[in-house]
Amino acid sequence: MAAQEKKLFVFANLNGAWVPGGLLTLTEDGPALQASKFAYGTRYLERADAIEVDPVSLSIKNKSDVLKKEIFPTGNLPYFGGIRDAAPDAWGRRVIEAKLKVPANSLPESEYLLHAGSERIGALDIRSDIKDAPKLGVTRWESLQYLIEAADRIDQGLPIPANLEIIFQDGSGLGGARPKASVRDDDGVIWLAKFDSPKDAFGVPDIEVATLKLAKECGLTVPPVKTEQLGNRKVMLIRRFDRYWASPANVGKIEIDLLHSSPGNGAIEKRLAFASGLTLIGCDESLSPTKSYADLAAAINEYCHPSVIRQNKRELFARMVYNILVSNDDDHLRNHGFIFDPNISGWRLSPLYDVMPRPGVAYERQLHLGIGEQGRSATLDNAMTSCERFSLSKTDAEVVIGEIWSKVREWRVYFDDYGVSEIDMDKISSAFRHVDETASNNLKRKIP
C-alpha cells in the first residue's frame with residue numbers, strides 16, 4: 001500500500017469555546033505513521049489567549065517564527081508529542097477497535113485521533129473538517145453500572161450491545177491499560193472512573209485511592225479521589241484535573257482553585273492544556289526507560305513558568321522518593337504530566353496520578369526512570385546523588401526524604417483509615433519499603 005497524506009483540523013478549547021488552531025497533515029502507510037507536519041492558523045495566532053499545541057515542537061512564544069509556516073516534529077519523530085497526548089492510548093484504542101469491529105492496532109493513527117471524540121484529555125480536539133461539530137457529552141453518574149458492564153465485555157473481547165454503547169462515547173479518548181471511562185457526578189464535575197477486574201490479585205481501586213491519599217499526606221499535589229461500591233464491584237474515581245470552572249467576571253482577577261472549582265453560580269466549564277513528560281522530553285516512547293527524573297527536572301527548567309520552577313522540581317524529587325518507598329515502578333514518562341495553568345499563563349507540573357504499589361520479594365528494586373548515579377536502582381542514596389539536579393542542597397533533599405518517610409512508615413495506619421481491608425494490606429505489604437532497606441546508615445542518621 002502506498003503512503004497517503006491525511007489532513008486533519010486541530011481545535012483548541014480557549015476559555016470554554018472551541019477555536020480552529022491549525023492544520024495537521026499525517027503521512028500514513030496503513031497503520032504506520034511515517035511523518036507529520038503542522039501549520040498554525042493565522043487568526044489563531046492573532047489571539048492573545050492562544051495556547052501552543054505542543055510546547056516543544058510547536059511553541060508560540062515567538063509567533064512570527066511559526067506564522068504561515070509548516071513545522072515538523074523535533075528529533076525526527078513521526079508525530080508531535082502534543083498530538084500524541086491528545087490521541088487515545090491502550091484502553092481508548094481498544095474501545096475504538098470494539099466500536100469499529102476491527103483487529104487490534106489495525107487502524108491508521110488518523111482514525112484513532114478522529115474517533116477519540118471531544119472529551120479527550122487536555123484542551124485539543126481533532127476533526128476531519130473545519131465545519132465539524134465537537135463530539136461532546138459525558139454520561140451521568142447513574143450510567144456507571146452500564147459502563148462497567150461494557151468495559152468488561154471489551155476486556156473479554158465480546159461484542160457491545162446497543163444499550164451499552166455509551167462506552168464508545170465515554171471511554172474512547174482515554175489512555176492507560178486498565179478499563180476506564182469518564183462520568184459526571186450530580187454537580188456536573190467530571191471524574192475518571194477506573195474499574196476493578198475479576199483478574200485482580202487484590203482490591204486495586206481501594207489500593208490506588210489509598211496510595212494517592214497517602215501521597216497527599218506527604219505533601220504532594222493530588223486531585224480528589226474516592227471509591228464507589230456498585231453491587232459487588234468497586235470503582236476508583238479521580239477528578240479530571242484537566243477541567244475547571246470559572247466565572248467570566250473572575251478570570252484574571254482572582255486565583256482559581258483548579259482542583260476544587262465548582263460548576264455553580266454561572267461558572268463556565270473550561271479545559272486545561274496537557275502535555276505528558278514524554279512530550280516535554282521530546283522522545284519516542286521506546287526510549288522512556290533510558291530517561292530519568294533529572295531529565296524531567298531539566299524540562300521543568302526549560303518549559304515551566306519561572307514562578308513555579310523551584311517548587312515543581314522539589315515536588316518532582318519528592319514524587320521520586322515516594323515511588324521508591326512504595327515500589328511504584330509504573331513511573332514511565334506518560335505517567336508524568338504538565339498543565340497550562342491560567343493563573344500564571346504558563347506550564348507547571350500536573351497533579352499526581354497513576355501511582356500503584358507493586359509487591360515484590362527482591363531486595364534490590366528498580367523504577368522505570370533513572371534516579372541518580374546508580375541508574376534506576378531504587379534507593380534513597382541513589383536519589384541523593386541527583387539532588388542538585390532538582391536545585392536541592394543535600395540538607396534540603398534529606399528534609400524531603402524525612403517528610404515522605406515519616407508518613408510512609410505509617411502506611412498501614414493510613415490505609416486502615418481509608419478503608420483498605422487487612423487482607424489487601426497483607427497482599428501489598430512487600431511493596432512498602434523500610435528506610436533500612438533503601439538507605440545507608442550514613443544517610444539514615446541525616447534524615448530528620
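User: Where does serine 197 lie in this model?

Analyst: In this predicted model, serine 197 lies in the loop that runs between strand 6 (190–195) and helix 8 (204–217).

User: Why is serine 197 called buried?

Analyst: Buried means under 20% relative accessible area. Serine 197 has 12%, so it is buried. Leaving aside residues up to four places away in sequence, serine 197 touches Asp155, Arg178 and Arg233.

User: Let's turn to the rings. What makes tryptophan 141 and tryptophan 191 an edge-to-face pair?

Analyst: Two values decide it: a pair of aromatic rings is described by the distance of the centres and the angle of the planes. Ring centres have to lie within 6.5 Å, and planes over 60 degrees apart count as edge-to-face. Here the centres of tryptophan 141 and tryptophan 191 are 6.5 Å apart and the planes stand at 75 degrees, so the pair is edge-to-face. By this rule the count comes to 13 aromatic pairs.

User: How do you know that tryptophan 141 and tryptophan 191 tie together separate parts of the sequence?

Analyst: Look at where they are placed: tryptophan 141 is in the loop between strand 4 (124–127) and helix 6 (144–155), while tryptophan 191 is in strand 6, so the pair ties together parts 50 residues apart in sequence. Both also fall under the 20% cut-off for buried, with tryptophan 141 at 18% and tryptophan 191 at 8%.

User: And why is the pair of tryptophan 411 and phenylalanine 432 called stacked?

Analyst: Planes under 30 degrees apart count as stacked. For tryptophan 411 and phenylalanine 432 the angle is 10 degrees, with 4.0 Å from centre to centre, so the pair is stacked. Tryptophan 411 belongs to helix 14 (residues 411–417), and phenylalanine 432 to the loop between helix 15 (422–428) and helix 16 (435–438), 21 residues apart. Ring pairs also join Trp411, Tyr414, Phe415, Tyr418 and Phe432 into a cluster.

User: What makes arginine 93 count as sitting over the ring of tyrosine 112?

Analyst: The CZ of Arg must be within 6 Å of the ring centre and within 35 degrees of the ring normal. The charged end of arginine 93 sits over the tyrosine 112 ring, 4.4 Å from its centre. Likewise, arginine 127 lies over the face of phenylalanine 11, 3.8 Å from the ring centre.

User: Why are helix 4 and helix 6 called roughly perpendicular?

Analyst: Angles from 65 to 115 degrees count as roughly perpendicular. The axes of helix 4 (residues 90–100) and helix 6 come within 10 Å and cross at roughly 85 degrees, and the two helices are therefore roughly perpendicular. At their contact, Trp91, Arg94, Val95 and Ala98 of helix 4 meet Ala151, Ile154 and Asp155 of helix 6. By class, that makes five nonpolar, no polar and two charged residues.

Technical notes
Residues numbered from 1 in each chain as written. Predicted model: local features only at pLDDT ≥ 70, side-chain atom pairs only at ≥ 80, totals over all residues. Heavy atoms only, no water. Helix = DSSP H or I, 4+ residues; strand = E, 2+ residues; numbered from the N terminus. Buried < 20%, exposed > 50% of the residue type's maximum accessible area, 1.4 Å probe, protein only. Contact = heavy atoms within 4.5 Å. Phe/Tyr/Trp six-rings, centres within 6.5 Å; stacked < 30°, edge-to-face > 60°. Axes fitted to C-alpha atoms, helices over the stretch in contact; angles between N-to-C directions. Parallel < 35°, antiparallel > 145°, perpendicular 65-115°, else oblique. Nonpolar A, V, L, I, M, F, W, Y, C, P; charged D, E, K, R; others polar.
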